[in-house]
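Colleague: I am new to this structure and would like to know how its descriptions are reached. Could you take me through the terms?

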Amino acid sequence: MTDQHSRRRGWLPDALAPASGIVTDAPKPLEGGEMDLTAVAAYRRATTRQDLALSPGERFLAGGTWLFSEPNRDITGLVDLSTMPWAPLEVSQDGLRIGATCTIAQLLELPAHLGWRAQPLFEDAANALLASFKIWNEATVVGNVCRAYAAAAMLAACATLDGVAEIWEPGGGTRHEPVASLPTGNGTTSLAHGEAVRAIDIPSRALEGRTALRKIALAELGRSGAVVTGRADADGSFTIVVTAATLKPTVLRYPIPPSPARVADDVRASDGFYTDALGSEDWRRHVAGVLAAEIVEELS
C-alpha cells in the first residue's frame, strides 16, 4: 500500500468487528506522523464476499474520512472495499440502490430522474454536513450512515426516504433493516460483529414525495445542533425525522398532514434530546419543534 493510499482511504463503523480472514500486502508505516493508524501492519483488497471475513484487528476500508481522522490504535489490518465489484448506484423502477462504496459526490452527480421529487434532498443533506466538496469525493454515503453520529446528514436523508439497509452477515446470510433503526445511539449501531452494510435501497414511492430540510447550529459554520427533514407523499401521509438534536433518528409518521402546532408538540415530546458543547437539551428540543413546524408549513 502506498503512502498516498494510506492517507487517503479508510472507514469502518465501530460496530463492525473482527471475524476471520487472511492478511497480505503489509504496508510500511508513514514517516512524520502523517497517518494516525500507526498500528496497521497489513492491507488486503477484497474482491469476493469471502474476502470480507475479518481477522482480529482488521477493519473495512472505504471512504477514509473518519477512520484516518482518529488514532484507532486497535486497528492492525485494513480490508479495502473499493475493489469489490459493486456498482455505486443502481436505478430501477423499484427505486434507487446506493452501494456500499458510493461516495457522496457520486450520489449528487446522479442525473435528475423523472418523478423523483425527493432527489434534491440528498444535496440538501450533503450541504448540512460539516464537510467540504473535497470530503464528498471520498466519504461514502453508507459510511456516513453506519458511523451513526447524531449529526450524520446522509443518515437523515436515507431515513426520511424510508431507506432499507441490506446487511451481509459474516456467516454468509443476509438481513435487512430500516436505516432509521440502525443507530442505537450517537456513534453506535445495531450491526453485529462482522456484519457489513452492502447497500441501502430507497423505494420509488418515497423518492416521489416532496421533501424539505431545516438545520440550525450555534456557529454559522459549526456542526448542526438540530436537523429536521420532512416528506409529504401523494396519498397525504407525512413523515418528519429529527437528527443531530437527538442521539438517534426520531421518526414521526402521520396518515394525513398534521398542523404545524401538533408537529412541534410531538417533536418536543420525543425522547433522546441531549446536551453537549454544540447545544443544550432544552435548546435542541425547542428549535427542533420550530424547524419541524416550518417544514409542515412548506410541504402542506
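Modeller: Two strands pair if DSSP finds at least two bridges between them. Helices (H or I, at least four residues) and strands (E, at least two) are DSSP runs, numbered from the N terminus. The model is predicted, with local features needing pLDDT of at least 70 and side-chain atom pairs pLDDT 80 or more, while totals for chains, interfaces and linings use all residues. Residues are numbered from 1 along each chain as its sequence is written, and side-chain values use heavy atoms, without hydrogens and water.

Colleague: What makes strand 13 and strand 14 a pair?

Modeller: Five bridges join strand 13 (residues 238-243) to strand 14, and the definition asks for at least two. The two strands therefore pair, and they run antiparallel. One of the bridges links Phe238 to Tyr254 of strand 14.

Colleague: Which helix packs on the sheet and touches strand 13 and strand 14?

Modeller: Helix 8 (residues 260-268) does, and its direction makes about 145 degrees with that of strand 14. Contact means heavy atoms within 4.5 Å. Axes are lines fitted to C-alpha atoms, for helices over the stretch in contact, and angles run from 0 to 180 degrees between N-to-C directions.

Colleague: Which strands make up that sheet, and in what order?

Modeller: The sheet is open, with four strands in the order 11-12-13-14 and antiparallel pairing. Strand 11 (210-216) and strand 14 (250-254) are the edge strands, as each pairs on one side only.

Colleague: Why is helix 3 called roughly antiparallel to helix 6?

Modeller: The axes of helix 3 (residues 120-128) and helix 6 (residues 153-160) come within 8 Å and cross at roughly 155 degrees. Angles under 35 degrees count as roughly parallel, over 145 as roughly antiparallel, 65 to 115 as roughly perpendicular and the rest as oblique. The crossing angle therefore makes helix 3 roughly antiparallel to helix 6.

Colleague: Which residues of helix 3 and helix 6 make the contact?

Modeller: Helix 3 contributes Leu121, Phe122, Ala125, Ala126 and Ala128, and helix 6 contributes Ala153, Met154, Ala157 and Thr160.

Colleague: How do you know what kind of aromatic pair Trp86 and Trp168 form?

Modeller: Rings of Phe, Tyr and Trp (its six-membered ring) pair if their centres lie within 6.5 Å; planes under 30 degrees apart count as stacked, over 60 as edge-to-face and the rest as tilted. The ring centres of Trp86 and Trp168 are 5.6 Å apart and their planes stand at 85 degrees, so the pair is edge-to-face. The structure holds one aromatic pair.
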